[in-house]
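Subject: Structure for you to look at

Hello,

Here is the structure I said I would pass on. Please open it and keep it beside you while you read the notes below.

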Amino acid sequence: MADVTVRAPAKINLHLEVLGLRPDGYHELAMVMQSIDLADTLVLRSTADATIRLRSDSPELPSDGTNLIVRAAELLRSRVGLPELGVDITLHKRIPIGAGLAGGSSDGAAALVGLDALWGLSLGTARLHGLAAALGSDMPFCLEGGTQLCFGRGERLEPVTAAGAPGQAVLLIKHPEASVSTPWAYGRCRDLRGDFYLDAEEDFEQRRQALRRGPLVAALAGQGPLPHLRNDLQAVVEPEVESIRAGLDLLRRGPGVLAVAMSGSGPSLFALHPDLATAEAARAALAEPLAALGFVAWCCRCGGSGVSLVTDGSAP
Ligand SMILES: C[C@@](CO)(OP(=O)(O)O)[C@H](O)COP(=O)(O)OP(=O)(O)OC[C@H]1O[C@@H](n2ccc(N)nc2=O)[C@H](O)[C@@H]1O
Ligand SMILES: Nc1ncnc2c1ncn2[C@@H]1O[C@H](COP(=O)(O)OP(=O)(O)O)[C@@H](O)[C@H]1O
């Protein structure tokens, strides 16, 4: 079969609420996640040597079995019981690593979709979701993309209509030296807020309903103003990382900004804007202070989809 090319978009969290602890040790979450058009590209070529090979243009990223692309390929091959399958994968990395943008999760999701096509497996959505959920809590969202309510560990999805979404673009920034460990952020959240954690399923469901019927989902459907964006991990991380505090203050000063938050466990920060032109105008207006503080900035559209096969040769 000819090469298969897949786009792996990043995500931001428009809402991240930590509800409590689950028996499996993960946190019960209520989130709204949004795909953005900052994306990695994977090119997959079938081989006959029963080997999974990854080459990446990111020097800081391992290409061995710790890479989520390789882990996804190995899990898929073992689950279908075809050890003789082989693939050469080339990764073009654009999403900053460990940034709260699910770059690794999206690459893993892209590997599942790309290999399903390359190896002609036709596994279907449910089986791909099962494999994704086994590899990471954010990976099922990365398969579907768009705008979704995410519950459970993050793997239970409910699509949200964002037809009238006021925030169609983001000004995204990240400090190259800042890094936040996701397990650390959740552990710190438990230390600081564990006394307020819910623990009954009916209480979890009450919070899910509040989000489904709340002002954020209404605003995304074009009914009413955008509320303050809640991220419980931001409340934990922000006091510990000066560049995050400085970055959020800067983004709030951008012209035309609608709302500002940290994405996921950070350290990426974003400002929602009505459209790409407004996001770019804000980036230009903040260019000097952003550079002075050492931030890297992107302007991205909020996208309607997750991982996707590229059939028109458009992905560079
Ligand atoms: C924080 C979030 C918010 O969207 O994203 P990022 O900031 O990583 O992008 C996610 O919850 C990250 O999802 P993901 O990166 O897939 O997490 P996983 O690999 O499944 O878990 C990594 C670690 O995070 C903690 N974890 C993750 C998910 C969850 N619901 N509860 C947790 O406590 C656990 O310590 C776990 O061992
Ligand atoms: N293909 C990949 N791209 C980015 N990170 C990866 C990849 N494979 C494994 N990882 C590891 O996964 C972690 C980041 O996962 P990711 O889903 O990108 O989280 P975040 O949302 O914080 O960026 C990092 O510790 C990184 O080393």
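Predicted model: local features only at pLDDT ≥ 70, side-chain atom pairs only at ≥ 80, totals over all residues.

Arg153 lies over the face of Tyr26, 5.1 Å from the ring centre.

Next, the salt bridges. Side chains of opposite charge can pair when their charged atoms come close. The count here is 20 salt bridges.

One of them joins the side chains of Glu17 and Arg207, at 2.7 Å from N to O. Glu17 belongs to strand β1 (residues 4-21) and Arg207 to helix α6 (residues 201-212), so this pair ties together parts that are 190 residues apart in sequence. Glu17 is buried, with 3% relative accessibility, whereas Arg207 is partly exposed at 25%.

Another salt bridge is between Arg53 and Asp88, at 2.6 Å from N to O. It also links distant parts of the chain: Arg53 is in strand β3 (residues 52-56) and Asp88 in strand β4 (residues 86-92), 35 residues apart. Arg53 is partly exposed, at 36%, and Asp88 is partly exposed too, at 25%.

Arg208 also forms a salt bridge with Glu205, at 2.8 Å from N to O. These two are three residues apart in helix α6, so about one helical turn separates them. Glu205 is partly exposed, at 27%, while Arg208 is buried, at 0%. Both belong to one network of salt bridges with shared partners, which also includes Arg22, Asp24, Glu28, Glu158, Glu201 and Arg212.

Regards

Conventions. Residues numbered from 1 in each chain as written. Chains lettered and ligands numbered in written order. Heavy atoms only, no water. Lys NZ or Arg CZ within 6 Å of the ring centre and 35° of its normal. Salt bridge = Lys/Arg side-chain N within 4 Å of Asp/Glu carboxyl O. Helix = DSSP H or I, 4+ residues; strand = E, 2+ residues; numbered from the N terminus. Buried < 20%, exposed > 50% of the residue type's maximum accessible area, 1.4 Å probe, protein only.
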